[in-house]
Amino acid sequence: MDGAVGAGSAASSANSTPTADAPKPPAPADAAKSCSATPIKIVESGGEQVLQYTLKNTGTHPWHYCNVFGWAYDKNHNLLGFGGISENISLAPGASQTSSIRIKDTKDKVLDAATGSSALYEMQASTVYFDDKSEWQDKSDFYNRKKPVGTPVALGGGVGGKPATAPATSAKPPGKH
């Protein structure tokens, strides 16, 4: 009888042992470019000024999570503030939506309307979770960035103003070639 109980216990333990999770598939080749965030304008939300932006799946695979960071700089590219947001939404390739992020200064205060409207902005994804269970992550130190990595964009028109525009290029005026 003792042997039967022991055998039953062993079988029961073997069945309750958790199995190892299947390995995650590799991230798509275009994973690093599949979540883009483009600054649009400063808007009021809940009594605070926030940066409105377009979040877009610019890749070839659907995803359901993108962590986004945003930085504000002055005209000399000195850091004014930054923020981060986790976007828990599903976006198919080519799909986009408008969202917003709070950009806070170094004293953890949301940027005021005048500073926010005159700032230059840079945004970047740090993590993407794809629908096929693959993941991509940029291991950069986003919290300690002091200068832009790319070319930050200016917002036009202030609070509720025109969408962001890229910095002016040095194109020659028409007829002056």
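These notebook entries record what I looked up in a predicted model of one protein chain.

**Basis.** I number residues from 1 along each chain as its sequence is written, and my side-chain values use heavy atoms, with hydrogens and water left out. Because the model is predicted, local features need pLDDT of at least 70 and side-chain atom pairs count only at pLDDT 80 or more, while totals for chains, interfaces and linings use all residues.

**Entry 1: overall fold.** I found two helices and eight strands in the protein chain; helices (H or I, at least four residues) and strands (E, at least two) are DSSP runs, numbered from the N terminus. From the N terminus on, I read the order of elements as α-β-β-β-β-β-α-β-β-β. I then looked up contacts (heavy atoms within 4.5 Å). Among those between residues at least 6 apart in sequence, 64% join residues at least 24 apart.

**Entry 2: surface and burial.** The protein chain exposes about 10,500 Å², of which carbon and sulfur atoms supply 53%; the areas come from the Shrake-Rupley method with a 1.4 Å probe. Of the 177 residues, 34% count as buried, that is, under 20% relative accessible area.

**Entry 3: strand β2.** I next examined β2, residues 48-57, and noted that it is largely enclosed by the rest of the structure, because seven of its ten residues are buried. Strand β1 (residues 35-45) pairs with β2 in the antiparallel sense over ten bridges; pairing requires at least two DSSP bridges between two strands. I recorded threonine 54 in β2 as the bridge partner of threonine 38. The two strands form a hairpin with two residues between them, and glycine 46 in the turn has a positive phi of about 60°. β2 also runs antiparallel to strand β5 (residues 96-101), to which six bridges join it. There, serine 100 in β5 is the bridge partner of glutamine 52.

**Entry 4: the cavity.** I found one cavity of 30 Å³ or more; a cavity is a set of points on a 1 Å grid over the protein atoms alone where a 1.4 Å probe fits but cannot get out, and lining residues have an atom within 4 Å of a point. The largest cavity holds about 60 Å³ of space, counted as the space filled by probe spheres set on the points, which are joined across faces, edges and corners. I listed its lining residues, among them Ile42, Ile103, Val110 and Tyr121. β2 gives the most to this lining, with three residues. By class, I noted seven nonpolar, two polar and one charged residues in the lining.

Notes: Buried means under 20% relative accessible area, exposed over 50%, partly exposed in between (1.4 Å probe, protein chains only). On a 1 Å grid over the protein atoms alone, a cavity is a set of points where a 1.4 Å probe fits but cannot get out, and a pocket is an open set with protein on both sides within 12 Å along at least five of seven lines; lining residues have an atom within 4 Å of a point. Ala, Val, Leu, Ile, Met, Phe, Trp, Tyr, Cys and Pro count as nonpolar, Asp, Glu, Lys and Arg as charged, and the others, Gly among them, as polar.
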